[in-house]
Amino acid sequence: MIEMQDVWKEYPNGTPALNGVSVQIGKSEFVYVVGPSGAGKSTFIKLMYREERPTRGHIFVNGFNIERLKHRKIPLLRRSIGVVFQDFKLLPNLTAAENVAFAQEVIGVPVRQTRRRVREALEWVGLADKADVLPSHLSGGEQQRIAIARALVNNPQVIIADEPTGNLDPESSWGIMKLFQRINDRGTTVVMATHNREIVNTMRKRVIAIERGQIVRDEAKGTYGYED
Ligand code: ADP
């Protein structure tokens, strides 16, 4: 499903971000990616949906060879992956439903089908009643649920999240985490970078720890393992 083989990433300004990372993540796994700030977690995640390209090494995601992927094939890859960010990245002038629908229009899904998929996705995150509301009128937790609905609308095989609870209070964070658990229960692979020690230590999933661009720990039912 996701495989990295000796992946190196150096940014154009010479900053090394990943130094020889090899990992396999199978279908239906739930993986937390932990580590200090600047360790390379975001880079690890960005490489998976080809926001960044590796300097060296091989990456395969959902059958796509990331470094060989032609530009016109990137939308196909992105349709098989849902991405959720710390700062939600909702478009402020669009309603919740329009935000969820936006990506559908871009890939040319017929309007009627989009409407149905958007309704189902909003129901699934428990926000069908907020369909016509602008993001600024929603709480942080609700905005993140909308962003998750947007990530789910294409029924992706993999959901990738970069600190999805980083801007949320503890209660909203737990609500979001339960949603990711339900997503995983459907058989969708979840990969999540997080600094949320309590959640990692309670959920006991696979934990991949990154330090200075290298995987230093990879445990089933792991713990957070940092004092920060
Ligand atoms: P984390 O998500 O664990 O905080 P990142 O992957 O964001 O780590 O960063 C890893 C290293 O790469 C850091 O030294 C960071 O400063 C650097 N870095 C991240 N993005 C860029 C970029 N676009 N250009 C240059 N350096 C970057």
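**Close-up views of the predicted model**

View 1. Tyr11, Asn13, Thr15, Ala17, Pro36, Ser37, Gly38, Ala39, Gly40, Lys41, Ser42 and Thr43 surround the ligand. Please keep in mind that this is a predicted model. Helix 1 provides the largest share of this shell, with 3 residues.

View 2. At Ala39, a backbone N or O atom lies 3.1 Å from an oxygen atom of the ligand. In the side chain of Lys41, an N or O atom is 2.8 Å from a ligand oxygen. Thr43 brings a polar side-chain atom to 2.6 Å from an oxygen atom of the ligand. On its own, the ligand has 560 Å² of accessible area, and the protein covers 65% of that.

**View 3. An aromatic pair, Tyr49 and Phe85.** The structure holds 2 aromatic pairs, and this view shows one of them. The ring centres of Tyr49 and Phe85 are 6.4 Å apart and the planes meet at 75°, so the pair counts as edge-to-face. Distant parts of the chain are linked here: Tyr49 belongs to the loop between helix 1 (41–48) and strand 4 (56–61), while Phe85 belongs to strand 6 (residues 81–85), 36 residues apart. Tyr49 and Phe85 are both buried.

**View 4. Arg78 and the residues it touches.** Arg78 is part of helix 2 (residues 74–79). With a relative accessibility of 35%, Arg78 counts as partly exposed, because that value falls between the 20% and 50% cut-offs. Leaving aside residues up to four places away in sequence, Arg78 touches Tyr49, Arg50 and Glu51. The Arg78 side chain reaches the backbone oxygen of Arg50 at 3.2 Å.

**View 5. Arginines over tryptophan rings.** The charged end of Arg56 sits over the ring of Trp8, at 4.8 Å from the ring centre. Over the ring of Trp124 sits the charged end of Arg182, 4.2 Å from the centre.

**View 6. Ile148 in helix 5.** Ile148 lies in helix 5 (residues 140–152). Is Ile148 buried or exposed? Its relative accessibility is 0%, so Ile148 counts as buried. Not counting residues up to four places away in sequence, Ile148 touches Val84, Val125, Ile176, Leu179, Phe180 and Ile183. The C-alpha atoms of Ile148 and Arg119 are separated by 13 Å, and these residues are 29 apart along the chain.

Technical notes: Residues are numbered from 1 along each chain as its sequence is written. This is a predicted model: local features need pLDDT of at least 70, side-chain atom pairs count only at pLDDT 80 or more; totals for chains, interfaces and linings use all residues. Side-chain values use heavy atoms; hydrogens and water are left out. Helices (H or I, at least four residues) and strands (E, at least two) are DSSP runs, numbered from the N terminus. Buried means under 20% relative accessible area, exposed over 50%, partly exposed in between (1.4 Å probe, protein chains only). Contact means heavy atoms within 4.5 Å. A polar contact is a pair of N or O atoms within 3.5 Å; within protein, one must be able to donate a hydrogen and the other to accept it, and residues adjacent in sequence count only if both atoms are side-chain atoms. Rings of Phe, Tyr and Trp (its six-membered ring) pair if their centres lie within 6.5 Å; planes under 30 degrees apart count as stacked, over 60 as edge-to-face and the rest as tilted. A charge sits over a ring if NZ of Lys or CZ of Arg is within 6 Å of the ring centre and within 35 degrees of the ring normal. A residue is near a molecule or strand if one of its heavy atoms lies within 4 Å of it. Accessible areas come from the Shrake-Rupley method with a 1.4 Å probe; for residues, only the protein chains shown count as cover.
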